[in-house]
Amino acid sequence: MTERIYSTRAYERAMTAKVVDSDRDDGRVLLDRTVFYPGGGGQPPDTGVLLIGDDRIGVTRVTQDSRGVWHWVDSLPPVGTGVVGEIDWDRRYTLMRTHTAMHAMCGVVWERFQSPVTGGNMTPGEGRLDFEIPQWDPEDRDPIEAELNRQLELARSVEVSFLDRAVADQDPSLIRTKVSLLPPSLREVRVIDIVGLDRQADGGTHVDSTDEVGSIRITKTESKGKGFRRIRFSLVD
């Protein structure tokens, strides 16, 4: 299994690692440890480079499976090779801010409507969340934006913890999606807690404090069928 540095130390930008396996047909390598987030929960995977001496090998895609985290690379180093990995930090940090903003919006919408999330996605600096909100009124848009920015300015701490699956299953509030997306095989659940605002199971990377997000602007709201609403937003700064 790959040591997933990103899971507990989201601000780590680089790591030393060793190639433990490769798939030449698919152009990817398995590393024993990594700072590269493999994507999931709407957050795209990281990109960056692997350094071997003076050689720079581009990392264009990252995924994970039961064996660990795979990195798609421009050229394949041999198994056993030591590498230094560096993520595209500007892109990652913007995604961290965006992801935390999405969780904060979940908290604000839940407080107002007690409405679950039905979908979501993000790119660096932009996000969208789908909610089941039968009682939506167009006049709700501006108050939600104002309350979200107020909550972000409070510099709420963002904490990471891990729960045994059996314990997590006893706390339905950890699942803010309409349907639980936790795979049955998952034995330990990672929890992201925006203290005092939103606490939910999540595997992605986040900033340490909501004031790092800056402010957001709701750019569009859309109907996704009767009782369902899509909210799009972007980071302002």
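# A tour from tryptophan 89

Start by selecting tryptophan 89: its relative accessibility is 13%, so it counts as buried. Buried means under 20% relative accessible area, exposed over 50%, and partly exposed in between (1.4 Å probe, protein chains only). Before moving on, note that this is a predicted model, in which local features need pLDDT of at least 70, side-chain atom pairs count only at pLDDT 80 or more, and totals for chains, interfaces and linings use all residues. Residues are numbered from 1 along each chain as its sequence is written, and side-chain values use heavy atoms, with hydrogens and water left out.

**Stop 1: the aromatic cluster**

How far apart are the ring centres of tryptophan 89 and tyrosine 93? The centres are 5.6 Å apart and the planes meet at 25°, so this pair is stacked. Here are the cut-offs. Rings of Phe, Tyr and Trp (its six-membered ring) pair if their centres lie within 6.5 Å; planes under 30 degrees apart count as stacked, over 60 as edge-to-face and the rest as tilted. Both residues belong to helix α1, four residues apart, which separates them by about one helical turn. Helices (H or I, at least four residues) and strands (E, at least two) are DSSP runs, numbered from the N terminus. Tyrosine 93 is partly exposed, at 23% relative accessible area.

The structure holds five aromatic pairs. Tyrosine 11 and tryptophan 89 make a tilted one, 6.1 Å centre to centre with 45° between the planes. Tyrosine 11 lies in the loop between β1 (3-4) and β2 (14-23), and tryptophan 89 in helix α1, so the pair ties together parts that are 78 residues apart in sequence. Tyrosine 11 is partly exposed, with 30% relative accessibility. Together, Tyr11, Trp89 and Tyr93 form one aromatic cluster.

**Stop 2: arginine 92**

Stay in helix α1 (residues 89-113) and select arginine 92. Is arginine 92 buried or exposed? Arginine 92 is buried, at 0% relative accessibility. Show the side chain of aspartate 46 too. A polar contact of 2.8 Å links it to the side chain of arginine 92. A polar contact is a pair of N or O atoms within 3.5 Å; within protein, one must be able to donate a hydrogen and the other to accept it, and residues adjacent in sequence count only if both atoms are side-chain atoms. Beyond its neighbours within four places in sequence, arginine 92 is in contact with several residues, including Tyr6, Glu12, Tyr37 and Thr205. Contact means heavy atoms within 4.5 Å.

**Stop 3: histidine 206**

Jump to the loop between β13 (198-201) and β14 (216-223), and pick histidine 206. Histidine 206 is buried, with 6% relative accessibility. Which side chains make polar contacts with it? One is threonine 100, at 3.0 Å. Another is aspartate 202, at 2.9 Å. Leaving out residues up to four places away in sequence, histidine 206 touches Tyr11 from the first stop, and among its other contacts are Met96, His99 and His103.

**Stop 4: the nonpolar core**

Select Leu50, Met105 and Ile216. These have the most contacts inside the largest nonpolar core, which has 50 residues. Helix α1 gives the most to this core, with 11 residues. A nonpolar core is a set of buried Ala, Val, Leu, Ile, Met, Phe, Trp, Tyr and Cys residues joined through side-chain atoms within 4.5 Å. Now look around methionine 105. Not counting residues up to four places away in sequence, methionine 105 touches Leu129, Phe131, Leu148, Ile218, Ile231 and Phe233.

**Stop 5**

Colour strands β5 (residues 48-52) and β6 (residues 55-65). They run antiparallel, joined by five bridges. Two strands pair if DSSP finds at least two bridges between them. Isoleucine 52 stands opposite aspartate 55 in β6. Two residues lie between the strands of this hairpin, and glycine 53 takes a positive phi near 60° there.

Which residue in β7 is the bridge partner of arginine 61? It is tryptophan 72. The charged end of arginine 61 also sits over the ring of tryptophan 72, 4.1 Å from its centre. A charge sits over a ring if NZ of Lys or CZ of Arg is within 6 Å of the ring centre and within 35 degrees of the ring normal. For another case, select arginine 28: its charged end sits over the ring of tryptophan 70, 4.1 Å from the centre.
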